Amino acid sequence: MAVNCYPACPEPHLALGMPPHSDYGSLTIINQSSTGLQIMDHGKNWHSVPVIEEALVVQPGDQLEIMSNGQYKSVIHRATVNSEKKRLSIASLHSLALEKKVGPAPELVDSQHPISYNEGSFSGFLDYISGNDIMEGRYIRHIEERSMKVNAGANIALGHFR
Ligand SMILES: O=C(O)CCC(=O)C(=O)O
Ligand SMILES: [Fe+2]
């Protein structure tokens, strides 16, 4: 579980509380004290997630994208700050165990839907983010690119935040 506290910021247009990322786990459940969470759509536009009384936000993470062989996509999200008040969020991150290898479900792989991801793990994710700039690339794209190179025998350039 992560408890995030974002103090009021005098110049919110110049700062972010948390940069764009996807969570590695399967599902993340978020409770936010005020608006600030934003999600990216396929056109790379940002949308604020409204605060709805007694409702929680549930976001698919990278493990769900991998296990579903890309049928579900993990959500790219970020946290903005505001000039008036401190914001709190509580994120309950649900992941398989640290060393557990996660790959596409065999039932979802066939000639029409070739394997799109190599196996990943939470520890692989931690190694990746500790050695790379998270603004430059995502772990899930890293394991996807590797598998696409292996499958297609070609180096396919992929955009970072998709
Ligand atoms: O503060 C938020 O709403 C987002 C927090 C978040 O993305 C995270 O803890 O991974
Ligand atoms: Fe997150």
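Does Glu65 count as buried or exposed, and at what relative accessibility? At 1% relative accessibility, Glu65 counts as buried. The close-up views below are taken from a predicted model.

**Figure 1. Overall arrangement of the protein.** The predicted model contains 3 helices and 8 strands. Read from the N terminus, the elements follow the order β-β-β-β-β-β-α-β-β-α-α. The protein has 162 residues, of which 36% count as buried. Contacts between residues at least 6 apart in sequence join residues at least 24 apart in 73% of cases.

**Figure 2. The salt bridge between Asp62 and Arg138.** The structure holds 3 salt bridges, and one of them joins the side chains of Asp62 and Arg138, with an N to O distance of 3.8 Å. Asp62 belongs to helix H1 (residues 62-67), whereas Arg138 sits in the loop between helix H2 (122-131) and helix H3 (139-152), so the pair ties together parts that are 76 residues apart in sequence. Asp62 and Arg138 are both buried.

**Figure 3. The salt-bridge network of Glu65, Arg141 and Glu144.** These residues are linked in a network of salt bridges. Between Glu65 and Arg141, the closest N and O atoms of the salt bridge are 2.6 Å apart. This pair links distant parts of the chain, with Glu65 in helix H1 and Arg141 in helix H3, 76 residues apart. Arg141 also forms a salt bridge with Glu144, in which the closest N and O atoms are 2.7 Å apart. Because Arg141 and Glu144 are 3 residues apart in helix H3, about one helical turn separates them. Glu65 is buried at 1% relative accessibility, and Arg141 counts as buried at 4%. Glu144 is buried as well.

**Figure 4. The surroundings of Arg78.** Arg78 is part of strand S7 (residues 77-79). Arg78 is buried but has no salt bridge, and Asp41, the nearest side chain of opposite charge, is 11 Å away. A polar contact of 2.8 Å joins the side chain of Arg78 to the side chain of Gln38. When neighbours within four places in sequence are left aside, the residues in contact with Arg78 are Leu16, Met18, Pro19, Pro20, Gly36, Leu37, Gln38 and Trp46.

**Figure 5. The site of ligand 1.** Ligand 1 is surrounded by Asn4, Tyr6, Met18, His21, Asp23, Leu37, His77, Ala79, Arg87, Ser89 and Ala91. An N or O atom in the side chain of Tyr6 lies 2.6 Å from an oxygen atom of the ligand. For Asp23, a polar side-chain atom is 3.2 Å from an oxygen atom of ligand 1. In the case of His77, an N or O atom of the side chain is 3.0 Å from an oxygen atom of ligand 1. On its own, ligand 1 has 300 Å² of accessible area, and the protein covers 95% of this area.

Methods: Residues are numbered from 1 along each chain as its sequence is written. Chains are lettered from A and ligands numbered from 1 in the order in which they are written. This is a predicted model: local features need pLDDT of at least 70, side-chain atom pairs count only at pLDDT 80 or more; totals for chains, interfaces and linings use all residues. Side-chain values use heavy atoms; hydrogens and water are left out. Helices (H or I, at least four residues) and strands (E, at least two) are DSSP runs, numbered from the N terminus. Buried means under 20% relative accessible area, exposed over 50%, partly exposed in between (1.4 Å probe, protein chains only). Lys and Arg count as positive and Asp and Glu as negative; His and the chain ends are not counted. A salt bridge is a side-chain nitrogen of Lys or Arg within 4 Å of a carboxyl oxygen of Asp or Glu. A polar contact is a pair of N or O atoms within 3.5 Å; within protein, one must be able to donate a hydrogen and the other to accept it, and residues adjacent in sequence count only if both atoms are side-chain atoms. Contact means heavy atoms within 4.5 Å. A residue is near a molecule or strand if one of its heavy atoms lies within 4 Å of it. Accessible areas come from the Shrake-Rupley method with a 1.4 Å probe; for residues, only the protein chains shown count as cover.
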